[in-house]
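Thanks for coming. I will go through one model this morning, ring contacts to begin with and then a sheet.

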Amino acid sequence: MSEKACRQCKFISRGNRCPNCNSTDLSDDFSGFVIILNAEESEIAKMMNVTKKGKYALKVR
Ligand SMILES: [Zn+2]
């Protein structure tokens, strides 16, 4: 199964439901990603409003 990005929180996962926010509004049409390892100390995480570590898409269509 290919990776999909959540349209709500941009979390990237494999499956039909976002494990981060439980949304089923997923898209396989996304570009770029960042990996957040330490959400509390990451400036990127703050910019993206991310509180949980994981892989996030930069753009989701
Ligand atoms: Zn989500």
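A definition to start: I say a charge sits over a ring if NZ of Lys or CZ of Arg is within 6 Å of the ring centre and within 35 degrees of the ring normal. With that rule, the charged end of Lys-55 sits over the ring of Phe-33, 4.4 Å from the ring centre. Lys-52 lies over the face of Phe-11, at 5.7 Å from the centre of that ring.

Before going on, the conditions. This is a predicted model, where local features need pLDDT of at least 70 and side-chain atom pairs count only at pLDDT 80 or more, while totals for chains, interfaces and linings use all residues. Residues are numbered from 1 along each chain as its sequence is written, and side-chain values use heavy atoms, with hydrogens and water left out.

Back to Phe-11. Rings of Phe, Tyr and Trp (its six-membered ring) pair if their centres lie within 6.5 Å; planes under 30 degrees apart count as stacked, over 60 as edge-to-face, the rest as tilted. That rule gives one aromatic pair. Phe-11 and Tyr-56 make an edge-to-face pair, with 5.3 Å centre to centre and 85 degrees between the planes. The pair links distant parts of the chain, 45 residues apart: Phe-11 is in the loop between E1 and E2, and Tyr-56 is in strand E5 (residues 54-60). Strands here are DSSP runs (E, at least two residues), numbered from the N terminus. Both Phe-11 and Tyr-56 are buried, meaning under 20% relative accessible area with a 1.4 Å probe, protein chains only.

Now the sheet. Two strands pair if DSSP finds at least two bridges between them. Three strands form an open sheet in the order E2-E1-E3, paired antiparallel. Strands E2 (12-13) and E3 (26-27) are the edges, each pairing on one side only. Two bridges join E1 (residues 4-6) to E2, and Lys-4 has Ser-13 in E2 as its bridge partner.

Note on methods:
Helix = DSSP H or I, 4+ residues; strand = E, 2+ residues; numbered from the N terminus. Buried < 20%, exposed > 50% of the residue type's maximum accessible area, 1.4 Å probe, protein only.
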